[in-house]
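Mentor: Please examine the sequence and the model shown below.

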Amino acid sequence: MTHIKAISRILWCALLLGLTLAGAAARGQEVMVVANTGVSASQISSTELRDIFTGVRSRFGDGTRAVPVILKGGPAHEVFLSHHLGENPDEFRTGWRKAVFTGQGAMPKEFNSERALLEYVAATPGAIGYVSRVTADIPVKVLTVWKGAR
């Protein structure tokens with residue numbers, strides 16, 4: 001009986017360790033901001049990025065239309081919201097619900113996969129999104145995000 005208890009404890013410890021490491025990996029994950037290749041900018045300020053994804057502005061600094069797109073969830077989505085917008089998924093969704101309800105905006109198009117998001121960004125003028133990695137077969141531009149205002 002004590003043998004079973006020991007194995008049970010080991011399994012619980014392994015499960016807790018796995019969950020801890022998965023959470024740490026998600027927090028440590030980097031995301032890349034990607035845009036349609038027709039977007040003239042090669043970099044974007046953190047303020048401009050936040051304003052585009054929260055609906056404060058609908059155009060890039062050069063005046064061209066910005067079309068923000070997001071992932072429905074997952075580590076890349078959470079990291080992007082946390083690092084670049086300073087929000088969690090619930091705060092982000094609540095902000096957009098208020099904008100939609102008051103007629104001040106429409107929720108960004110959501111995608112179930114990074115590949116679908118990349119394909120949309122590649123095909124849509126002004127589209128901007130984020131992924132954990134890009135693939136060579138889908139032509140998008142990776143934007144450098146710099147701290148500051150524009």
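Trainee: At what angle do H2 and H3 pack?

Mentor: Helices (H or I, at least four residues) and strands (E, at least two) are DSSP runs, numbered from the N terminus. Axes are lines fitted to C-alpha atoms, for helices over the stretch in contact, and angles run from 0 to 180 degrees between N-to-C directions. The axes of H2 and H3 are 10 Å apart, and the two helices pack at an angle of about 125 degrees.

Trainee: Which term describes the orientation of H2 and H3 to each other?

Mentor: Contact, meaning heavy atoms within 4.5 Å, is made by Leu49, Arg50 and Phe53 of H2 with Phe80, His84 and Leu85 of H3. Angles under 35 degrees count as roughly parallel, over 145 as roughly antiparallel, 65 to 115 as roughly perpendicular and the rest as oblique. The orientation of H2 and H3 is therefore oblique.

Trainee: What pLDDT must be reached before side-chain atom pairs count?

Mentor: Residues are numbered from 1 along each chain as its sequence is written, and side-chain values use heavy atoms, with hydrogens and water left out. This is a predicted model, in which totals for chains, interfaces and linings use all residues, local features need pLDDT of at least 70, and side-chain atom pairs count only at pLDDT 80 or more.

Trainee: Which residues of H2 are buried?

Mentor: Buried means under 20% relative accessible area, exposed over 50%, and partly exposed in between (1.4 Å probe, protein chains only). Six of the eight residues of H2 (residues 46-53) are buried, so this helix is largely enclosed by the rest of the structure. The buried residues are Ser46, Glu48, Leu49, Asp51, Ile52 and Phe53.

Trainee: What is the relative accessible area of Ile128?

Mentor: Ile128 lies in S5, and its C-alpha atom is 9.4 Å from that of Leu117, 11 residues away along the chain. Beyond its own neighbours within four places in sequence, Phe53 is in contact with Ile128, and also with Phe80, Phe92 and Trp96, among others. Ile128 is buried, with a relative accessible area of 0%.

Trainee: Which strands stand at the edges of the sheet?

Mentor: The six strands form an open sheet with mixed pairing, in the order S2-S6-S1-S5-S3-S4. One side of each edge strand is left without a neighbour in the sheet, because each has a single partner strand; these edge strands are S2 and S4 (109-111).

Trainee: Which residue of S6 stands opposite Gln43?

Mentor: Two strands pair if DSSP finds at least two bridges between them. S6 (residues 141-146) runs antiparallel to S1, to which three bridges join it, and Val34 stands opposite Val142 there. S2 and S6 run parallel and are also joined by three bridges. In this second pairing, the residue opposite Gln43 is Thr144.

Trainee: How far does the backbone nitrogen of Gly38 lie from a polar atom of the Asn36 side chain?

Mentor: Asn36 is found in the loop between S1 (32-35) and S2 (43-45), and it counts as buried at 8% relative accessibility. Its side chain also reaches the backbone oxygen of Ala122 at 3.0 Å. A polar contact is a pair of N or O atoms within 3.5 Å; within protein, one must be able to donate a hydrogen and the other to accept it, and residues adjacent in sequence count only if both atoms are side-chain atoms. For the backbone nitrogen of Gly38, the distance to the Asn36 side chain is 2.7 Å.

Trainee: Is Gly86 buried or exposed?

Mentor: Gly86 is found in the loop between H3 and H4. Not counting residues up to four places away in sequence, Gly86 touches Leu81 and Glu91. With a relative accessible area of 58%, Gly86 is exposed.
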